[in-house]
Amino acid sequence: MRIAVCLSRLPDPKTVEVDPITGEIDASRTLYVLNPADAAALEIALELRAPGDRVTALTVGSEAADSVLRDALAVGADDVLRVWEEDRATTRPLVTSLLLATALRTEGLPDLVVCGARTLAGGSGKVPALIAENLGWPAVTDVLELSLHAARVHFQRRLGRGGRSEGEVTLPAVLAVQADAARLRYATLPGIMRAERAAIPVRHLPDLGLSPLDLNFPSPTFRTPMPPYARPREVFIPDSHLPPHERAAQITSAGIAKRSGKVVEGAPEELADAIVAFLAEQGFLDRSA
Amino acid sequence: MVMTTHEEKMRTAYFRVDDTPHIVVDPEKCRECSVRACITVCPADLFVPLDDGSVLFNYEQCFECGSCYFVCTEEGALQWNYPRGGYGVTFRES
Amino acid sequence: MTTSKTSEHFDVIVVGAGPAGSAAALVTARAGLKVLLIERGEYPGAKNVSGAVLYGSAILHQLIPNWWEQAPVERHVTRRELALLSPTTSVSLDFQSVAPSYVDPPFNGFTVLRPKFDRWFAAQAEAAGAFVLNATVVDDVLREKGQIVGVRTRREAGDIRGDVVIACDGVNSWLARKVGLQRQLRTHELALGVKEVIGLDESVIRERFHLDGSAGVAREYIGAVTGSVHGGAFLYTNRNSLSLGVISQLSSLVEQKQRAYELLEAFKAHPSVAPLVRGGTLREYSAHLIPEAGYSMIPKLFTHGMMVAGDAAGLCLSTGIYIEGINYAIQSGRAAGDAAIAACERREFSRDTLSKYLDLLRKRHVAGDFHAYRHAPAFVNSERLQNLYPELAARGSEALFRVDGNRKRKLLPLGWRTMREVGGRPHQVLKDIYHAGRAYLW
């Protein structure tokens, strides 16, 4: 089996210092790290690796990003690959995911792609989903635990408010793991020395069969939506059909009823319809759209 | 701002925190200690006297200077080590 | 995966990528040896703190010609000031020079920021062929039949062998103590330095300190600045920041139950310092120990297969007049490197062969400097020099320059009277004059 891990090198938000007067970021005080969720992804990939399997670490970035690939080599990744278009300063998720997905295709598709669920400090978490979209593979986000059963991955996802969900996905697939899903091992001395000396292979756009035009996604446009307005809220009125003591009980509980969610089951199409209907009902979607 | 509180000073230093402490204090030994030089000497103020007479050490913001090690008078009260490579304080000074 | 023991062998293993370690790695790598430079920080300089002024630019110039043109230096020091402080008064010796040896290459000294400078210096060693291994702690040496044959790092399969180990692992020098070259250090031999880098506009610095272009000033202070704690303070100008800090004898901090960072605040608030730092912004606070006792704390410098250099060898000259460490670190690292080269040529790594290190330290005046000033550290940290004489100088000067209609006294009676006022005793003063003479004059 071949496992690909996507890594990113990021400024540690604690070291991003903005000059209060000029408003500029003081680059000389910024320190970079391997994105913690990516480190967890790397550890999971290494743990999944059986004899004969290969773990390949990829990143999109300039030469400075080699550091995260050396981190990966130091802990035992078999191959690494950096993808970059020179003269580029940064990439948006659409570009990053296109570069990664194309690199995976040209290098030979793996069986499993493991990514960090999101980048430090407010990352959108789009990249893994976009890679999956690009490859036409399923994506599982916010994964906390996973185990491999032949060609299927059993996973546990983290939901809001401490909730968990479990499921299975058939490979090939993209899994996005959370930062606390695993703790990256500490490199051995031979590992770190080997990594330090390794030559890092790089692929540029022509190597991937891409032209700079392919990366020209329209910039996101922002329009000012309606200012948020307070949604009408129902005032509690006790049910007049009930006997007095029950009405009294309702009043003393101030009408607090347990909030409830709604679980819809069925085929994916029906589920999607149900979600759209729900969003429209709640006023999040324009029905005519 | 030139005059700063200790807390403001500490906010300017950067630490990569490891899972396990590199300096371990033996609270029993510290209970017997009357000098407690570590508490005043630590430039990061990481030694906290507790009500029960022992001393708590917060390793996360340690400068790894060694002051506590050299002033400690209780044999074996302090197990002093550098953090693992790559962890601990990282000075930038720019 | 390979987790087995690395079979790789180095000619020279240098522990610690400070100025001593990088100098040692640079000269040995240039000689074509296979060199490993191990640093525990995530980059060289990440754990390193000093004032910092690099004096003896000419020494580094011998290794890397015109080094200041490529290195991250701040300002070349053309002005030095030594100030005695009382709570209200400052009496100082102000030296300023446009003599060629101060303003022309190779200059006399530069202010530097250590995380940047040390990183650059290690990169020079790397460019010369040394293998720089970051983020790795060395916990011990490997011994075989009384010979040091490598180091043990705190990583799995972490033993690595080398013919010569050069320990440049800083003031705490675990390696020198583990091998038995250094004894346990005492608290009166060590000083705790707490430091701040304070950002200030370049034009403000030039104006405030009367500096032209990239010229800089180094000021050192003793007296009331540390209260009753034995120590001193410093203030150096960088390009667009100030480095300032307070250095306190560790034993004295304990006795006086004083916190070093509070002394630092008091220093910044002193009437002679406050106007200099006004309007600045704290950029970084840091702390480090300084081996202050000089000659008396220098360990045995070498044994079979191992040498000690830099702060690990106690090679920091702190005499009140001089606070120099980086120059001796570079000198000693280089000398250890040269001795390692000679040993590798002969393929013989015994103590006798490595004694060339000591010969080189003597020849290059490192040993001589420390021997000459062997009495100075104790004198500087003596009670009266720390507290009585700055007060005496301050009060004496106050009286000397005061014009209030009273009779002007001549210097001797004025000095006598002031001395009695501050509680000085004539026989002690005579004794101290002798001690000062022994420390600095002959």
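**Entry 1**

I looked up Ser173(C) and found it buried, with 26 other C-beta atoms within 10 Å. I take a residue as buried if 20 or more other C-beta atoms, placed from the backbone, lie within 10 Å of its own, exposed if 12 or fewer, and partly exposed in between. Ser173(C) sits in the loop between strand S10 (159-167) and helix H6 (174-179) of chain C. Its phi is positive, about 25 degrees, although it is not a glycine. Helices (H or I, at least four residues) and strands (E, at least two) are DSSP runs, numbered from the N terminus.

I note that this is a predicted model, in which local features need pLDDT of at least 70 and side-chain atom pairs count only at pLDDT 80 or more, while totals for chains, interfaces and linings use all residues. Residues are numbered from 1 along each chain as its sequence is written, and chains are lettered from A and ligands numbered from 1 in the order in which they are written.

I then turned to Arg161(A), which also is not a glycine and has a positive phi of about 50 degrees. Arg161(A) lies in the loop between strand S8 (152-158) and strand S9 (164-170) of chain A. Arg161(A) counts as exposed because it has 4 C-beta neighbours inside 10 Å.

**Entry 2: cis peptide bonds in chain C**

I found the peptide bond from Gly51(C) to Ala52(C) to be cis, with omega near 10 degrees. Ala52(C) belongs to the loop between strand S2 (35-38) and strand S3 (53-55) of chain C. The bond from Pro105(C) to Pro106(C) is cis, with omega near 0 degrees. Pro106(C) is in the loop between helix H4 (100-103) and strand S6 (109-112) of chain C.

**Entry 3: helix H7 of chain A**

I checked the length of H7(A) (residues 268-281): at 1.5 Å a residue, its 14 residues should span 20 Å, and the end C-alpha atoms are 20 Å apart, which agrees. The expected span is 1.5 Å times one less than the number of residues. None of the 14 residues of H7(A) is buried, so the helix lies largely in the open. Gly283(A), which follows H7(A), has a positive phi near 90 degrees.

**Entry 4: chain B against chain C**

I recorded 32 residues of chain B in contact with 47 residues of chain C, contact meaning that C-beta atoms, placed from the backbone, lie within 7 Å. On the chain B side, H1(B) gives the most, with four residues.

Key: Two residues are in contact if their C-beta atoms, placed from the backbone, lie within 7 Å.
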